[in-house]
Amino acid sequence: MDIPKTRVEAKPSLVVNLSNSLSRVLALLPFAIITVIVVGPLIWVVLMSFRLTNEIFTNPYALPIPFHVYNYLHAFVPPKEELDSLAPTLGTTPQGIDQWLQQTNLPDGGFGFFHYIVNSVIVTTASLLIVTTITTMAAYVFARQRYAFPGRGPLFIFIFLSMFFPPQITQLSLFQLAVSYKVFNTLWSLILVYPAMAIALDLYLLRAFLAQIPTEIEDASRIDGCNDWQTFWKVMLPIAKPAISTVIIINLLDFWNEFLYALTLVTKPELATIPLATYHWVGEVELDVGGLAAALVISMLPIVILYLMLSEQFMQSMVGGALKG
Amino acid sequence: MSVVTALTTLVRGTRHKSRLSWQWIALFLAPALVFYCLFIIVPVAMTFFNSVNKLQILGASGIRYTFVGFQNYNILIPQPELTLNPANMTFGFIPFTLVWGDDIFRQAVEHSLVWGFVSPIFDIPFALVLAYALYLKVPFTRFFRFAWFTPMLISWVVVGIMFRWIYNYEWGAVNVVLRGVGLGSLAVDWLGRTDTALPALIVMGMWKFLGFNLILMLAAISSVPVDLVDAARIDGCNWRQILWSIVLPLVRVTAVNLAILDFMGKMKAFAEVWVTTNGGPVYHTETVATYMQKRAFDWQTLDLGYPSAIAVLWFIVVFGLAVLFQRILQRREIVEF
């Protein structure tokens, strides 16, 4: 499942045949162009986020000179009503807040993006905890010969097949269920639904990994007096770390970026996750390109930072999870 | 463990070596099974049940069910009608014409299918050629892989808003470039025109998935035995011949798998459409997923039965195709390394 690294053996080479440096550069040109097409838009959005919207409309393709953080203030400062209610805690009065808002050129307050980041962090973390725990445990049973109960194989295939379900088949019923069990418009609805949508893939990946661990390790721990839970927790889990981290990375991306269920199950603006909040904001201020650019940067930033730190692992995980339909 | 063995064990009074510890199995399996049943099996069953009913939402709490049988499906499923006029024949040669009860649904199905079939045709060969080029020791391979993969991490909401700007008529990057190279006459409102909106979305999808397809192709190409390539080179093959006669046959399975994956992904296209065009202009980018969403929540029909029928139909199509493809490939994994 590894992505082979660039190999050192002799290979037919484009570059060796190109003797002078000019043709070398020319050979790289197509790749450079593709890089510009792929990465260019992202950099463009980052640049725009540091410029005022009227500057952008005069020339959308310019460097952020002068440099403004106004868009980020706009994104992070809470709306006026919320600030007013917070005034005592902040040690000022609503008048003081009004004055500050006038000074910073945000008469109605900002978008309060921090709030949505918190929502997203809560939902993603809770769902990740749940799904990782329950699927690792279940995968252990599906992987080890010791637990080969009759009907285990068919049960696994039955769960595995749900990987190919389009989300539409559960979407409306989950909405209906959420309404009848009073979790509609709460973060709980997402925390419960996200793990379910990841079960099939996680189970598949974890089972494949756990099944490779030699039985001797399991036996040894049992001889040392561990019961099944201790064997699982103290012996198997540490060995399965690479697979678990793969699964966590895949799920993290899925949950953090999830849009469909969030749109269906959460209609209160203050409960929105980041993608949903960004979507709401586009509806409100479609022409505030600078402000939206800041929102987009805030949305991508956490994942992109993680990617910069763990790029190889991200690529391997996504490739490993590629069988998801 | 069969009943006989169980009884034998009991009678003998000895512990059978491979006795199943059911309590542990239950403990380990229960949480996942509970989640799976409550949030997958129950909703799926409900959707099937809802699809043969009319569900009226009465205010905050109540839902009134009226059984309507297959009425929803009768509207959705195209009915063949005998035709004798060759011009109206289905596909031009079957003496039937398909009569669709819901024309927007027909468009949605067409767009989803077109998207699903067109995307892989461009995505996969492009990824293959690029991966092969990187394999031929282009410098900075690691950087290119790293950079091209980035869009894969970004949510459709962000990508969609970005592309709304990129496709903007006045200042979008596409039109700015076109005008810059003197092709200003080609500049159009890409997402606002009925004939360019869907292609524009297809290109957006290509942008997002390029790095992903490329990395998988690169992995497949790198697993081609070096000896084979070397032997071919010694025999005087050029890089095009090596690609065509050695690499391509060996990565065919990966390529087909990727194409299937791509196809299935497009069948579920929702967020990318919802954020960019919302199905417009005049339903020209409507997909099945967005149409279902609209019928359920936006059209104020207050009926969840009809969209449920759409969901069931599409579930059968998507799931059926997935299983069919699996069967054709005779393997359980879609992607093999």
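**Notes on the model**

1. Let me start inside chain A: its domain 1 and domain 2 bury about 380 Å² between them, and 91% of that lies on carbon and sulfur atoms. Buried area here is the accessible area (1.4 Å probe) that two parts lose on being put together, summed over both. The side of domain 1 of chain A that touches domain 2 of chain A has four nonpolar residues, no polar ones and no charged ones. In this scheme Ala, Val, Leu, Ile, Met, Phe, Trp, Tyr, Cys and Pro are nonpolar, Asp, Glu, Lys and Arg are charged, and the others, Gly among them, are polar.

2. A word on ground rules. This is a predicted model, in which local features need pLDDT of at least 70 and side-chain atom pairs count only at pLDDT 80 or more, while totals for chains, interfaces and linings use all residues. Residues are numbered from 1 along each chain as its sequence is written, chains are lettered from A and ligands numbered from 1 in the order in which they are written, and side-chain values use heavy atoms, with hydrogens and water left out.

3. Back to the domains. The assignment, which is automatic or from a database, gives chain A a domain 1 at 16–48 and a domain 2 at 113–324. Taken over C-alpha atoms, the centres of these two domains of chain A are 35 Å apart. Four residues of domain 1 of chain A are in contact (heavy atoms within 4.5 Å) with six residues of domain 2 of chain A. Between domain 1 and domain 2 of chain A there are zero salt bridges; the term stands for a side-chain nitrogen of Lys or Arg within 4 Å of a carboxyl oxygen of Asp or Glu.

4. How much area is buried between chain A and chain B? The value is about 9,700 Å², of which carbon and sulfur atoms give 78%. In terms of contacts, 105 residues of chain A meet 105 residues of chain B.

5. The charged pairs between chain A and chain B come to three salt bridges. A:Glu312 and B:Arg145 form a salt bridge, with their closest N and O atoms 3.5 Å apart. On the side of chain A that touches chain B, helix H2 (residues 21–49) of chain A gives the most, with 13 residues. Helices are DSSP runs (H or I, at least four residues), numbered from the N terminus. By class, that side of chain A has 79 nonpolar, 16 polar and ten charged residues.

6. Over all chains, the salt bridges number twelve. A:Arg144 pairs with A:Glu218, the closest N and O atoms being 3.2 Å apart. A:Arg144 lies in the loop between helix H7 (113–143) and helix H8 (152–160) of chain A and A:Glu218 in helix H11 (residues 215–223) of chain A, so the pair ties together parts that are 74 residues apart in sequence.

7. Two backbone details deserve a look. Most residues other than glycine have a negative phi, and most peptide bonds are trans. The peptide bond from A:Ile65 to A:Pro66 is cis, with omega near -5°, and A:Pro66 sits in the loop between helix H3 (53–58) and helix H4 (70–76) of chain A. A:Lys182, which is not a glycine, has a positive phi of about 60°; the loop between helix H9 (168–180) and helix H10 (187–210) of chain A holds A:Lys182.

Note on methods: Helix = DSSP H or I, 4+ residues; strand = E, 2+ residues; numbered from the N terminus.
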